[in-house]
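Please consult the sequence and the structure shown here before reading on.

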Amino acid sequence: MGDILNFMQQILSTPSLLVGAIALIGLISQGKAIEEVIKGTIKTILGFIVVGSGAGILVGALNYFGELFNFAFGVQGVVPNNEAIVSLALNDYASSTALIMAFGMFANIIIARFSRLKYIFLTGHHTLYMAALIAVVLTVGGLEGWQLILAGSSVLGFTMVFFPALAQKTMQKITGDDSIAFAHFGTLGYVFSAWLGSKLGNKSKSTEDIKFPKRLSFMRDTSVAIALTMFLFFLVVTFLATTHADFDPAMIGGNNWFLFSIIQSLTFAGGVYIVLAGVRLLIAEIVPAFKGISEKIVPDAKPALDCPIVFPFAENAVLLGFLVSFAGGLVGLSILILLGGSLALILPGVIPHFFCGATAGVFGNATGGRKGAIIGAFGHGLLITFLPAFLMPVLGSLGFANTTFSDADFTAVGIVLGNIARAIQGYGLLAICIILPLIPIVYNIVSPLKADNSAANKGA
């Protein structure tokens, strides 16, 4: 039994296998021929693996950039990093995290089946991260054992339908239809960006309509534009880093600083290219496969997928969003410094500002064009600077004072749930957590009754 549970846990915590299993179930439920089932399942897994490989290349280049940036400008503080804090949390909360994740995914299916929030959250690593956060915070509230698992999986299942629902209106504008949803726990930042874009932008002037002079027409190629832009960034920070007396050549692998900047910028652009190719492969397979789940298990369900799913729809906004969000992070850091240490100094992590900032740019562009992308991404950069600062006291009491979560939904859930857990302990906290996923289910039952009663009263 232990081996079986371990096997299932590895599937649930491996994004490519999880999505492949969903595709397999969907294809089988449609009665597809065995060769179509095999092909669709394998290509779905391949799509996710390709996306993950591209993301790994991006992370490698961004880690170089982040280290050089901090060294060049002599900034000391906390760099929010989901992977770092989850690895710390799993030292003490591994079992509860795994169980909350497994039962939370089951809760996601139940809520989607019996409510109007028809979203199946398929970003496995973010599900794991949120499960770890919830396990840590609810433990503060005195929950343990079966109470912790029940409360945690209830909250996790609710977040897995609530946040995709928040993003879906803008997702329809981005993709042009309602076939896929969004599953990345930075949604509050992206919705905030879209809202700013809608209020302050101009939807008629998209980032994708930017006209380059004839001699700069090569900038219309996204890969070339990203490579050249990142080259300028690497060139500046690498040069400044080498001017320090205590600079260690090992920071750039012992290479010439100029050649290092060229290689890393091209590596970064190559990573983006791979991610986009993987996303296109994934969309082509997961949507048709998911039709089976939509028809058989959760009628009208939508697959909710990771943030790179939106990158191909506004490739110029991806680069613009990253750069502006990072600028917002620098401004946010300056404000924290001026506050005189009342809050932790949150350094702009290049990885969250790329993946989340790029996504914020796409969302802002969908509602407010290029101006919306700029304003929205800048607002997003400020948001993911201040939210982690407010979360630090909650996690600091648990020994995580040197790191924190980076993405907006993690920090917001941690702040809200953490303060509730401090104020309400034990069974009261358990009751609140159980009620959350029941709200959309009860609403789905009661709302039609209200409509029927209203019609009956009018008739009378």
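In this predicted model, the second largest cavity has a lining made up of P80, I346, L347, P348, G349, P352, H353, I384, T385 and S406.

**Second largest cavity**
- The space inside the second largest cavity amounts to about 40 Å³.
- Its lining comprises six nonpolar and four polar residues, with no charged ones.

**Largest cavity**
- Two cavities of 30 Å³ or more are found when the whole structure is searched.
- The volume of the largest cavity is about 50 Å³.
- Its lining consists of F48, V51, V279, L282, L305, D306, P308 and I309.
- Helices α3 (34-73) and α9 (257-297) are the elements that each contribute two or more residues to this lining.
- Seven of the lining residues are nonpolar, one is charged and none is polar.

**Helices α5 and α12**
- Two packed helices are described by the distance between their axes and the angle between those axes.
- The axes of α5 (residues 124-140) and α12 (residues 408-423) come within 9 Å and cross at roughly 20 degrees.
- Angles under 35 degrees count as roughly parallel, and α5 and α12 are therefore roughly parallel to each other.
- The crossing of α5 past α12 is right-handed.
- On the α5 side, the contact involves H126, Y129, M130, L133, I134, V137 and L138; on the α12 side, it involves D409, F410, V413, G414, L417, G418 and A421.
- This contact between α5 and α12 includes 10 nonpolar, three polar and one charged residues.

Key: Residues numbered from 1 in each chain as written. Predicted model: local features only at pLDDT ≥ 70, side-chain atom pairs only at ≥ 80, totals over all residues. Heavy atoms only, no water. 1 Å grid on protein atoms, 1.4 Å probe; cavity = no way out; pocket = protein on both sides within 12 Å on 5 of 7 lines; lining within 4 Å. Points joined across faces, edges and corners; volume = space filled by probe spheres on them. Helix = DSSP H or I, 4+ residues; strand = E, 2+ residues; numbered from the N terminus. Nonpolar A, V, L, I, M, F, W, Y, C, P; charged D, E, K, R; others polar. Axes fitted to C-alpha atoms, helices over the stretch in contact; angles between N-to-C directions. Parallel < 35°, antiparallel > 145°, perpendicular 65-115°, else oblique. Left-handed = near helix turned anticlockwise from the far one by under 90°. Contact = heavy atoms within 4.5 Å.
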